[in-house]
Amino acid sequence: MERNPPVDPQRSILMSRVRQANTAPEMLARKILHRMGFRFRLHRRDLPGSPDIVLPSYRIAIFVHGCFWHRHPGCKKASIPKSRRSFWEEKFAANVERDRKNYIALNELGWHCVIIWECETKDIPALESRLQAELVKYMKWRN
């Protein structure tokens with residue numbers, strides 16, 4: 001059995017500061033949605049994956065994913081740490097698989113998933129127009 005080297009204390013401190021909810025990208029997405037006139041619920045634990053933002057009347061679940069943790073394809077933020085590489089590869093693979101299962105479960109329950117990537121929150125006008133398009137598409141489907 002392969003033993004991982006001990007965790008670097010500085011890395012441990014850094015990782016302990018990573019938040020799961022109410023992150024800056026999530027807060028920005030919430031602000032945009034609110035400005036667009038949408039009202040929503042947060043972190044519904046009764047739904048698979050506990051979506052970050054939920055529009056119950058439209059059955060839309062919005063996930064605001066960090067590019068690093070959820071492996072945004074083609075994003076430079078989706079790098080792999082140099083130390084304990086096999087640990088991180090396994091962890092990231094498990095994250096991606098868990099996300100996939102949650103999306104499937106939500107779809108089976110009649111929910112639509114919208115994923116917002118952390119790097120997308122850097123261009124607010126583009127994010128606004130993308131959200132507008134995604135939400136209108138699902139709202140038409142619903143009616």
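1. Searching the whole structure gives nine salt bridges, where a salt bridge is a side-chain nitrogen of Lys or Arg within 4 Å of a carboxyl oxygen of Asp or Glu. The model is predicted, so to speak of local features requires pLDDT of at least 70 and side-chain atom pairs count only at pLDDT 80 or more, while totals for chains, interfaces and linings use all residues. Residues are numbered from 1 along each chain as its sequence is written, and side-chain values use heavy atoms, with hydrogens and water left out.

2. One of the salt bridges joins R44 and D46, whose closest N and O atoms are 2.8 Å apart. R44 counts as partly exposed because its relative accessibility is 23%, whereas D46 is exposed, with a relative accessible area of 55%; here buried means under 20% relative accessible area, exposed over 50%, and partly exposed in between, computed with a 1.4 Å probe on protein chains only.

3. Another salt bridge is formed by the side chains of E118 and K77, at 3.7 Å from N to O. E118 lies in the loop between strand 4 (112–117) and helix 5 (124–142), and K77 in the loop between helix 3 (67–70) and helix 4 (85–108), so this pair ties together parts that are 41 residues apart in sequence. Helices (H or I, at least four residues) and strands (E, at least two) are DSSP runs, numbered from the N terminus. E118 is partly exposed at 21% relative accessibility, and K77 is partly exposed at 30%.

4. The side chains of R130 and E120 also meet in a salt bridge, at 3.0 Å from N to O. This pair links distant parts of the chain, since R130 is in helix 5 and E120 in the loop between strand 4 and helix 5, 10 residues apart. R130 is partly exposed with a relative accessible area of 25%, and E120 is partly exposed with 23%. Both residues belong to a network of salt bridges that links E120, R130, E134 and K137.

5. Turning to the rings, there are nine aromatic pairs, counted where rings of Phe, Tyr and Trp (its six-membered ring) have centres within 6.5 Å, with planes under 30 degrees apart counted as stacked, over 60 as edge-to-face and the rest as tilted. The ring centres of F87 and W88 are 5.1 Å apart and their planes stand at 80°, so this pair is edge-to-face. F87 is partly exposed at 28% relative accessibility, whereas W88 is buried at 6%. One aromatic cluster is made up of F68, W69, F87, W88 and F92.

6. In strand 4, six of the six residues are buried, so the strand is largely enclosed by the rest of the structure. H112, V114 and I116 point one way, and C113, I115 and W117 the other way. Strand 4 pairs with strand 3 (residues 60–65) in the parallel sense over six bridges, strands being paired if DSSP finds at least two bridges between them. In this pairing, I62 stands opposite V114.
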